[in-house]
Amino acid sequence: MFRHSVVIGSVCTAIVLAYVASPIGASDSITGVVKVTGLASSADAVVYIQQAPGSFTPAKPAQMDQRQMQFVPHVLPIVAGTTVKFLNGDPTPHNVFSPDNEKYNLGTWPQGQSKDYTFNKCAKTPCVYTQLCRVHPEMEGYVVVLQNPFFAVTNKEGHYQIDNVPPGSYTLAVWHEKAKAQPKPVIVEASKPTTVDFVLGR
Ligand SMILES: [Cu+2]
């Protein structure tokens with residue numbers, strides 16, 4: 001028992017160190033506020049760089065849980081090719097299917113189990129996959145497949161922060177399930193934070 005916790009502790013420490021040690025040198029952040037007009041919350045908007053040079057390999061699987069009859073997180077942006085682990089954290093069986101793009105139905109499974117799906121069929125990013133559950137028609141979530149890892153999801157106040165963006169000229173876009181805004185050009189300079197705000201209309 002004790003040995004077990006020590007091992008888990010070391011693994012966590014290693015992950016934290018790896019994260020802190022990631023390169024911050026010649027790159028910087030894009031921050032801002034997204035305001036979704038007509039909605040009380042500005043949460044769950046995905047702000048992302050449309051196209052960044054190079055190809056990006058997903059490092060590790062992402063997760064989407066089903067908890068208290070909701071998909072958690074509600075919106076999950078990922079780099080194309082990422083495997084998503086769909087968990088069931090509820091004491092009731094849940095199903096996962098998507099009617100979008102290539103479409104899939106992963107089946108229905110009980111609490112504590114999960115199924116994996118790899119998002120490698122998106123021909124042109126962004127690819128949005130609505131996540132639904134046949135058992136509970138009110139449940140809805142979204143997986144947003146993107147070309148690169150330079151993305152962030154807004155909090156309730158609409159704040160977002162994209163870290164470690166290599167200097168360059170990009171187009172910054174926003175995806176929201178109910179609202180839209182035009183993409184904006186952004187120039188990221190080394191060691192200089194950039195601010196870009198958006199107002200989304202319905
Ligand atoms: Cu369900």
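Me: Why does E189 count as partly exposed?

Reply: E189 has a relative accessibility of 42%. Buried means under 20% relative accessible area, exposed means over 50%, and partly exposed is what lies in between (1.4 Å probe, protein chains only), so 42% falls in the middle class. Before we go on: this is a predicted model, where local features need pLDDT of at least 70 and side-chain atom pairs count only at pLDDT 80 or more, while totals for chains, interfaces and linings use all residues. Residues are numbered from 1 along each chain as its sequence is written, and side-chain values use heavy atoms, with hydrogens and water left out.

Me: What makes K192 and E189 a salt bridge?

Reply: Their closest N and O atoms are 3.6 Å apart. A salt bridge asks for a side-chain nitrogen of Lys or Arg within 4 Å of a carboxyl oxygen of Asp or Glu, so this pair passes. K192, at 44% relative accessibility, is partly exposed, and for E189 the class was partly exposed as well.

Me: How many salt bridges does the structure hold?

Reply: There are three. One of them joins R67 to D65, with the closest N and O atoms 3.0 Å apart. Here R67 is partly exposed at 41%, whereas D65 is buried at 12%. Another joins K85 to D116 at 3.6 Å. That pair links distant parts of the chain, with K85 in strand β6 (residues 83-88) and D116 in strand β9, 31 residues apart. Strands here are DSSP runs of E, at least two residues long, numbered from the N terminus. K85 has a relative accessible area of 28% and D116 one of 45%, so both are partly exposed.

Me: How do you know that β6 and β9 pair?

Reply: Five bridges join them, and they run antiparallel. Two strands pair if DSSP finds at least two bridges between them, so five is enough.

Me: Which way do the side chains of strand β2 (residues 46-49) point?

Reply: V46 and Y48 point one way, V47 and I49 the other, and all are buried. In a regular strand the side chains alternate between the two faces of the sheet. β2 pairs in the antiparallel sense with β12 (residues 151-153) over three bridges and, also antiparallel, with β14 (residues 168-175) over four. V47 has A152 as its bridge partner in β12 and V174 in β14.

Me: Why are Y104 and F119 called an edge-to-face pair?

Reply: Their ring centres are 5.8 Å apart and their planes are 80 degrees apart. Y104 sits in strand β8 (residues 104-109) and F119 in the loop between β9 (114-118) and β10 (127-132). Y104 is buried at 8%, and F119 is buried at 1%. Ring pairs link Y104, Y117, F119 and Y129 into a cluster.

Me: What makes R134 lie over the face of F97?

Reply: R134 is 3.9 Å from the ring centre. The rule wants NZ of Lys or CZ of Arg within 6 Å of the ring centre and within 35 degrees of the ring normal. K184 lies over F198 in this sense too, at 5.1 Å.

Me: Which residues are the protein donors of the copper ion?

Reply: They are H94 (ND1), C133 (SG) and H136 (ND1), lying 1.9 to 2.2 Å from the ion. Donors are N, O and S atoms within 2.8 Å of the metal (3.2 Å for Na, K and Ca), so these distances qualify. Water is not among the atoms, so a site may look incomplete. Both H94 and H136 are buried.

Terms used:
Rings of Phe, Tyr and Trp (its six-membered ring) pair if their centres lie within 6.5 Å; planes under 30 degrees apart count as stacked, over 60 as edge-to-face and the rest as tilted.
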